[in-house]
Amino acid sequence: MRNIDQALATAIERYRQANPASERIHADATQALPGGNTRSVLFFPPFPPAMVRGEGCRLWDADGHAYLDALGEFTAGLYGHSEPAIRAAVAEALAGGLSLSSHTAREGALAREVQRRFPSMELLRFTNSGTEANLMALATACAHTGRRKVLVFKGGYHGGVLAFAGGGSPVNVPHEWIVARYNDLDDVRARAAPHRGELAAILVEPMLGSGGCIPGEPAFLHGLRALADDCGALLVLDEVMTSRLSFGGRQALLGLRPDLTTLGKYFGGGLSFGAFGGRAGLMQGYDPRGERAWQHAGTFNNNVLTMAAGLAGLTQVLTAERLQALNARGDALRGRLNALLVEQGVAMQFTGLGSLMQLQPLAGPVRSADDLAAADDRFKALVFFELLARGVFMARRGFMALSLPFDDAACDAFAAALEDVVNVHRPLLPACD
Ligand code: PLP
């Protein structure tokens, strides 16, 4: 019987043979980009596909393959690849001229739309990415409290220089980090205790996104709120991914009011975006009319294309009802996929909330990054390459984010492809006890 390594090697070799144009594009890029890559998350060996076009929830690569796009640009592609209202708004903004060198009416309008959804963001400012939004939120917390220490979570991800998979990263910004276990208030309290008077902020995702779509338990997240108050620290809720879980993000679903919230991804309509905001008393520090205002510059903070695309998306497309339907579809799909895996006796599962999910190569409860320690990545890799061969694109790490055009037919197609993969490879996949 073939083993998992042989099956994976065969799948990868078939992928390589089928994608000569992508391989060439990647090889060319290695001359100027380390490993041919400028965005770490996208790379996987032997080389990632080079995409050339997208429409709705479909993608086409340089070798002419068409894919069902279940990745949705790691949540930034919420509107799909060709939403007419966004294309029209960008075209109109283009016609009005790029880089207008001053305020425009658009940034205030977009900020008001964000505020309408997230009342805890009494005042907010724009950045160019979620990373930058989190950097600014932490800078705000440090400036406000006069402290430097920040409590974060193992498996958390807040940006390229704010990454805590495995506990941290050599290229993280040099805050004084205290890294605790997610969904474990006792661990948090024990680690925070020696630093009580020095804690500037608790920075947390309401669901670990990159860390494996592990939902934060309501009691845990509310417990962090209480702990922050107790320590005189700010609670910074990173809703860069989870903001799509309802009209007002996961904070609205939980009745949780952070001091600061960070946003990113789809809010820019598919263009580069970030925002941070919260209590007016805090954010007022950035009011340039103040004598000692904090500086927050950024050439592209109000760039006309992002402002126009973001505004069109929020005002013309993303109603509360559509978001609710999208997340209900995600819940239904995740339930269906998990039922299929159980039925087939495969010890794998999809974790997540609403339209966000992650394939895990193990069964059982997943509450923190530690619960994934025993996960064998080869199983995820095999499913990934086999889905790719069937015209289905997800993240190599097993992450999926449904977009608005990802309809019931797309869900059926995804489930059918997964079922086929499981049928073909069941003896190689981890079995339920
Ligand atoms: N915060 C979370 C929860 C994220 O998932 C990400 C990106 O995946 C970021 C922050 C960083 O956002 P960006 O990639 O726009 O810098």
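**Exercise 1. How many residues does helix H11 have, and how far does helix H11 reach from its first C-alpha to its last?**

Solution. Helix H11 covers residues 320-343 and has 24 residues. Helices here are DSSP runs of H or I with at least four residues, strands are E runs of at least two, and both are numbered from the N terminus. The expected span is 1.5 Å times one less than the number of residues. For H11 that gives 34 Å, and the helix reaches 34 Å from its first C-alpha to its last. Just after H11, Gly345 has a positive phi of about 75 degrees.

Two notes on the model. It is predicted, with local features requiring pLDDT of at least 70 and side-chain atom pairs pLDDT 80 or more, while totals for chains, interfaces and linings use all residues. Residues are numbered from 1 along each chain as its sequence is written, and side-chain values use heavy atoms, leaving out hydrogens and water.

**Exercise 2. Find the buried residues of H11 and what covers them.**

Solution. Buried means under 20% relative accessible area, exposed means over 50%, and partly exposed lies in between (1.4 Å probe, protein chains only). In H11 the buried residues are Leu323, Leu326, Asn327, Gly330, Leu333, Arg334, Leu337, Leu340 and Leu341. An α-helix has 3.6 residues a turn, so residues three or four places apart point the same way. The cover over the buried residues of H11 includes strands S13 (349-353), S14 (356-360) and S16 (399-401). Helix H13 (408-425) is also part of that cover.

**Exercise 3. Is His175 buried or exposed?**

Solution. His175 sits in the loop between strand S5 (149-153) and strand S6 (176-180). With a relative accessible area of 14%, His175 is buried. Beyond neighbours within four places in sequence, His175 contacts Leu138, Cys142, Arg148 and Val150. Leu138 and Cys142 are among the buried residues of H5.

**Exercise 4. Which residues does Ala275 contact?**

Solution. Ala275 belongs to strand S12 (residues 274-278). Its relative accessible area is 0%, so Ala275 is buried. Leaving out neighbours within four places in sequence, Ala275 contacts Leu124, Arg125, Phe126, Thr127, Ala133, Thr261, Thr262 and Leu263. Take Thr261: it stands 14 residues from Ala275 along the chain, and their C-alpha atoms are 8.2 Å apart. Ala133 is one of the buried residues of H5.

**Exercise 5. Compare the radius of gyration with the value for a compact globule.**

Solution. The radius is taken over C-alpha atoms, and the globule rule is 2.2 Å times the number of residues to the power 0.38. For 433 residues a compact globule would be near 22 Å, and the protein has 22 Å, so the two agree. The C-alpha trace spans about 70 × 55 × 45 Å along its principal axes. The protein has 13 helices and 16 strands. Buried residues make up 54% of the 433. Among contacts between residues at least 6 apart in sequence, 72% join residues at least 24 apart.

Note on methods
Contact means heavy atoms within 4.5 Å.
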